[in-house]
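Here is a short walk through one protein model. Keep the sequence and the 3D view side by side as you read.

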Amino acid sequence: MPRISLLQMDVAFGDPEANYRNAERLIRKAAAAPDKPDLLLLPELWDTAYDLERLGELGDWQGERVQAWAGALARELRVTIAAGSIAEKREDGIRNASYVMDLHGSVMSRYAKLHLFGPMGEDRHLTAGSTRELVQMEGVTAGMMICYDLRFPELARALVLDGAELLLVPAQWPKPRLQHWRTLAVARAIENQVYVAACNRVGAGGGQEFFGHSLIVDPWGEVLAEGGEGEEIVTAQLDLNRIKEARERISVFRDRRPDVYGSWEPEN
Ligand SMILES: O=C(O)CCC(=O)C(=O)O
């Protein structure tokens, strides 16, 4: 059963070099822990922060840098790395995109944020993704989300109907909305009877302050581990039997009525 560590880091505004150094320090520290995790998750846009005006200059062309870097670390340290999200430059624009690298250093998953967050200017600077993403890793099927995506129960439910047992959510969720962050992470876990692992950043930048409180929630809604407001590594062990137990106790997936309120079943 996989053990997950969330790397709750500070992110320097518009300074990828500093952020790569800090992320590597945390990755090496997490991988050296006595109970070594199987999977590491970084926050959202941990390479550039929200320096959206300069992403043309700072962005990572087709994610080449993050793939080479996280791939080499995953291979060396024998740990799967969900490299949060980065600013990915492409022919058709810049995307807020996540990459997951396996133990051979290869890309297992790519996902571009579906819901762009207007209050932080994403809709003006970024191109949205257009597909859901599921990835099999370390014996668990994970559905990929990024930050604001957490507000859309439709996406979480569709991923779970696709087969997700865990929702992975890198984020830069600012103050003062701690209550929304915690409540939504716990709600997505309870309503879908799955694990939620949500990694938020700390520190300040771009006129916002970030409260951390990264958390790992089980399918019954219990918070297994939660960070404070500083840099730290938040770790918990998943037990996939807990999904079955929650569904046996309350049979949400048998009882739902898509005939009345519409279905989010995958079409294919
Ligand atoms: O939904 C929120 O309150 C925060 C979302 C956000 O900060 C983001 O998607 O980057």
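**Helix, hairpin and sheet**

In α6, the buried residues (under 20% relative accessible area, with exposed over 50% and partly exposed in between; 1.4 Å probe, protein chains only) are W181, L184, A185, V186, R188, A189 and N192. This is a predicted model, in which local features need pLDDT of at least 70, side-chain atom pairs count only at pLDDT 80 or more, and totals for chains, interfaces and linings use all residues. Residues are numbered from 1 along each chain as its sequence is written, and side-chain values use heavy atoms, with hydrogens and water left out.

Helices (H or I, at least four residues) and strands (E, at least two) are DSSP runs, numbered from the N terminus. Helix α6 covers residues 178–192. Q193 follows α6, with a positive phi near 55°.

Next comes a hairpin. Strands β11 (residues 202–205) and β12 (residues 208–211) pair antiparallel over four bridges; pairing takes at least two DSSP bridges. Two residues lie between β11 and β12. In that turn, G206 has a positive phi of about 60°. G205 stands opposite Q208 in β12.

Now the sheet. It is open, with six strands in the order β7-β8-β9-β10-β13-β14 and mixed pairing. β7 (134–137) and β14 (223–226) are the edge strands, each pairing on one side only. Strand β13 (residues 215–217) runs antiparallel to β14, joined by three bridges. Here L215 stands opposite E226 of β14.

Notes. The expected span of a helix is 1.5 Å times one less than its number of residues.
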